[in-house]
Amino acid sequence: MPVPALTLTFLGTGGAQQVPAFGCRCPACERARNDPAYRRRPCSAMLQHGNALTLLDAGLHDLTERFTPENISQFLLTHYHMDHVQGLFPLRWGYGDAIPVYGPPDAQGCDDLYKHPGILDFNHHVAPFETFTLQDIRVTPLPLNHSRLTFGYLFDTGRMRLAYLTDTAGLPDATLHLLRQTPPDVIVIDCSHPPAECMPSNHNDLGAVIALCRQITVGQTILTHIGHRFDAWMMENPLPHGMHAARDGERLELE
């Protein structure tokens, strides 16, 4: 029997600012206004394996139009900043069976999501480096460097490994050690900024991503959470070999 493919679809590849940024007239923002292919919505993705569909974060406002309750197996949240959970607010008032929401044990959550969850079941907190299983995929939460409790995730099907690492500035030592011990086949990683002299405080620049990938010796690196200034930089500069900047709607067959 053939093994189901692991498919990752990028629903959004930008940050909270998005591309085009409101009021900005830089070349990248003007290009995105003129051509929807270059727009970047809040960072989020869809992971499919067999009949299971996992939404990685919920930053899009129109999730209720894109999906039905029967489509979504679960949400897997990186953290509770608004641009990663805002799509849950209208969705929670829908009808149907409860939808599990996995994520870091952030006691605050976001606004009143915990108080009024609707059809969302937030009782699925995960712990750093404690592997659990979602529909035959082994998932390991990986702590990241961000302004609030944030996890990336290592997905392992037994045949390939995918690391999804957003939002972060560099990586904590323990996370970097695990990834060096078991290098993923593909890394999807936050790269919000063009090369900078000093490491940004909350998100990677390209120099930080290059340094991390050299340490992990990953085969393929895909950039996400991309800001308009980095888009403008890429209009004039090539990315290093083996790196690719994802686009909204891009679909990857990973197995």
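Which residues are exposed on the other side of H5? They are Asp173 and Gln181. This is a predicted model.

**Helix H5**
- Helix H5 spans residues 173-181, and its Thr175, Leu176 and Leu179 are buried.
- These three sit on the same side of H5, because they cover an arc of only 95° around the axis.
- Asp173 and Gln181, on the other side, are exposed.

**Aromatic pairs**
- The whole structure holds 5 aromatic pairs.
- In one of them, the ring centres of tyrosine 102 and phenylalanine 132 are 5.6 Å apart and the planes meet at 10°, so this pair is stacked.
- The pair links distant parts of the chain, 30 residues apart: tyrosine 102 is in strand S5 (residues 99-103) and phenylalanine 132 is in strand S7 (residues 132-134).
- Tyrosine 102 counts as buried at 17% relative accessibility, and phenylalanine 132 counts as buried at 16%.
- Tyr80, Tyr114 and Phe122 form a cluster linked by ring pairs.

**Salt bridges**
- A search of the whole structure finds 8 salt bridges.
- One of them joins arginine 40 to aspartate 231, with the closest N and O atoms 2.8 Å apart.
- These partners are 191 residues apart: arginine 40 is in the loop between helix H1 (27-34) and strand S2 (44-49), while aspartate 231 is in helix H7 (residues 228-234).
- Both ends are buried: arginine 40 has a relative accessible area of 0%, and aspartate 231 has 1%.
- Arginine 41 and aspartate 62 also meet in a salt bridge, at 3.4 Å from N to O.
- That pair spans 21 residues, from the loop between H1 and S2 to the loop between strand S3 (52-56) and helix H2 (63-66).
- Arginine 41 is partly exposed at 25%, whereas aspartate 62 counts as buried at 19%.
- Aspartate 112 and arginine 92 form a salt bridge at 3.1 Å, N to O.
- Aspartate 112 lies between S5 and strand S6 (120-125) and arginine 92 between helix H4 (88-91) and S5, both in loops, so the pair ties together parts 20 residues apart in sequence.
- Aspartate 112 counts as partly exposed at 22%, but arginine 92 counts as buried at 6%.
- Arg25, Glu30 and Arg33 belong to one network, joined by salt bridges that share partners.

**From the record**
- An unreviewed UniProt entry annotates residues 67-226 as "domain: Metallo-beta-lactamase".
- In the model, the end C-alpha atoms of residues 67-226 lie 25 Å apart, and the span is 18% helix and 28% strand.

Note on methods: Residues are numbered from 1 along each chain as its sequence is written. This is a predicted model: local features need pLDDT of at least 70, side-chain atom pairs count only at pLDDT 80 or more; totals for chains, interfaces and linings use all residues. Side-chain values use heavy atoms; hydrogens and water are left out. Buried means under 20% relative accessible area, exposed over 50%, partly exposed in between (1.4 Å probe, protein chains only). Helices (H or I, at least four residues) and strands (E, at least two) are DSSP runs, numbered from the N terminus. The arc is that of the directions from the helix axis to the C-beta atoms. Rings of Phe, Tyr and Trp (its six-membered ring) pair if their centres lie within 6.5 Å; planes under 30 degrees apart count as stacked, over 60 as edge-to-face and the rest as tilted. UniProt positions are given in the numbering used here, feature names are shortened, and annotations may be inferred rather than shown by experiment. A salt bridge is a side-chain nitrogen of Lys or Arg within 4 Å of a carboxyl oxygen of Asp or Glu.
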